Amino acid sequence: MSTSSFAIDVPELLIARLKRRDLEAFEQVYRLFDRPVYTLALRLLGNETEAYDLLQDSFLKVFEQIGQYRSDAPFWGWLRRIVVNAALMRLRGRRPMDELDSLLLDHAADDGVDPLAAVSAQDLKRALGRLPALSRAVLWLYHVEGYTHEEIAQSFDRSVSFSKSQVARAGARLRSLLDQEDATWNPRAMPC
Amino acid sequence: MEPKGDALLRQRLAALPLESPPATTWSALREKLQQQPAPVRAAPRATPWWLALAAVLAAAAIVPGLQQSTAPGRADPNVAAPELISLMQRSRLLESEIRELRAGAPALAETQFEWESAIENDLALVDVGLAARGGRSETLWRERVRLLEELRTAAQMDSGPLMLQARLD
């Protein structure tokens, strides 16, 4: 199931104008997708400067390669593939993939209350930002973009069990970070 | 079945608000786009948009005619006139010829590109007009054929600078 913010239909006529390199049409498409692209880039890379660069690179690539787009698949899926591939290229260059496997597996305190139940969006974003980049990318692609384990395995050039393991580990790590946030940041947890 | 914790995680992550890039991003991007090198023609499309549009418009002109009853003694306004059908066929033939010409010469000079783009922009305007009139304006179909003939000439000749200037004049 996908909860992707990319799923926006683009009219055929607008695509046709893009293919003629009409800058006004390009701006319309940019305005439709700038926030989904930037958000995905930010979630995958965890860094505003890199997300900004990725946003620009992705749209430049769209401009260069729009002639290769075939309308038998939705435009948004094609664009999202460009963004994900470019982000993974950057992540691969950043650190060895094997580092993912060395993630410590933290477990949230099992007190019966899921820390996700009451966390604020701000705290969730902060905890997400503290996950290792590749781990966060796998988690986001699976849960939000609706990628299957097979698609993640293919994108990362790893096995399906790698994807399953990373989704489980990253989820547990995120909950653990939220528990720590709760103890560290939440004023309600402080003694009166 | 999905574990309960996964559903909550998905729900919370998906509910995070979208982030906005800096407001100046588009102007920076536009500047970069304008510095792009001379374009190369795209590979011929399996189904060009104007062909698809023409098919839709033709269908729009015919299908309602089958569905609606017509008062006796009155001409059915939904049935396309022979002249209109002939213009649509001519339009389709020209599109096919242009595709073939482009497939044989994928690279094009900048002025040539500008010339062809100017024609294609006019074509887009005509198509908008046609769409607004349900594809039944003979005048617009005639103009469409004229523009396609000009586009075919553009694809056949390397005379961009002269023709572009003539078009601008």
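## The interface between the chains

Chain B and chain A bury about 4000 Å² between them, and 66% of that sits on carbon and sulfur atoms; buried area here is the accessible area (1.4 Å probe) that two parts lose on being put together, summed over both. On chain B, the residues that lose the most area to chain A are B:Arg10, B:Glu19 and B:Trp26, which together make up 18% of what that side buries. This is a predicted model, in which local features need pLDDT of at least 70 and side-chain atom pairs count only at pLDDT 80 or more, while totals for chains, interfaces and linings use all residues. Residues are numbered from 1 along each chain as its sequence is written, chains are lettered from A and ligands numbered from 1 in the order in which they are written, and side-chain values use heavy atoms, with hydrogens and water left out.

As for who takes part, the contact (heavy atoms within 4.5 Å) draws 48 residues from chain A and 35 residues from chain B. Between the two chains there are two salt bridges, plus ten residue pairs in polar contact, both at pLDDT 80 or more. A polar contact is a pair of N or O atoms within 3.5 Å; within protein, one must be able to donate a hydrogen and the other to accept it, and residues adjacent in sequence count only if both atoms are side-chain atoms. On chain B, the elements that give two or more residues to the side touching chain A are H1, H2 and helix H5 (110–132); helices are DSSP runs (H or I, at least four residues), numbered from the N terminus. Sorted by class, that side of chain B has 20 nonpolar, seven polar and eight charged residues. In that tally, Ala, Val, Leu, Ile, Met, Phe, Trp, Tyr, Cys and Pro count as nonpolar, Asp, Glu, Lys and Arg as charged, and the others, Gly among them, as polar.

## Salt bridges

Side chains of opposite charge can pair when their charged atoms come close. The cut-off used for a salt bridge is a side-chain nitrogen of Lys or Arg within 4 Å of a carboxyl oxygen of Asp or Glu, and a search of the whole structure turns up 15 of them over all chains. One of them pairs A:Arg43 with B:Glu19 at 3.2 Å, N to O. A:Arg43 sits in helix H2 of chain A and B:Glu19 in the loop between helix H1 (4–14) and helix H2 (25–34) of chain B, so this pair joins two chains. Both ends are buried (under 20% relative accessible area, with exposed over 50% and partly exposed in between, 1.4 Å probe, protein chains only): A:Arg43 comes in at 5% and B:Glu19 at 14%.

B:Glu19 has another partner too, as its side chain meets that of A:Lys125 at 2.9 Å, N to O. That pair also crosses between chains, running from helix H5 (residues 121–130) of chain A to the loop between H1 and H2 of chain B. A:Lys125 is partly exposed, at 23%. Through shared partners, A:Arg43, A:Lys125 and B:Glu19 form one network of salt bridges. Within chain A, A:Glu50 and A:Arg90 meet at 3.7 Å, N to O. A:Glu50 belongs to helix H3 (residues 48–65) and A:Arg90 to helix H4 (residues 75–94), so the bridge ties together parts that are 40 residues apart in sequence. A:Arg90 is partly exposed, at 24% relative accessibility.

## Nonpolar cores

A nonpolar core here is a set of buried Ala, Val, Leu, Ile, Met, Phe, Trp, Tyr and Cys residues joined through side-chain atoms within 4.5 Å. The largest one has 68 residues, and A:Phe26, A:Phe33, A:Phe75, A:Phe156, A:Leu174 and B:Leu13 have the most contacts inside it. Helix H2 (residues 23–45) of chain A supplies its largest share, 13 residues. Leaving aside residues up to four places away in sequence, A:Phe33 touches A:Phe6, A:Ile8, A:Val10, A:Phe59, A:Phe75, A:Trp76 and A:Leu79. Apart from this core lies another, of 17 residues, including B:Leu94, B:Ile98, B:Val145 and B:Leu151.

Most residues other than glycine have a negative phi. A:Arg21 has a positive phi of about 60° although it is not a glycine, and it lies in the loop between helix H1 (12–19) and H2 of chain A. In H1 of chain A, the buried residues are A:Leu14, A:Ile15, A:Ala16, A:Leu18 and A:Lys19.

A:Asp157 also has a positive phi of about 60° without being a glycine. You'll find A:Asp157 in the loop between helix H7 (149–156) and helix H8 (160–185) of chain A, and at 67% relative accessibility it counts as exposed.
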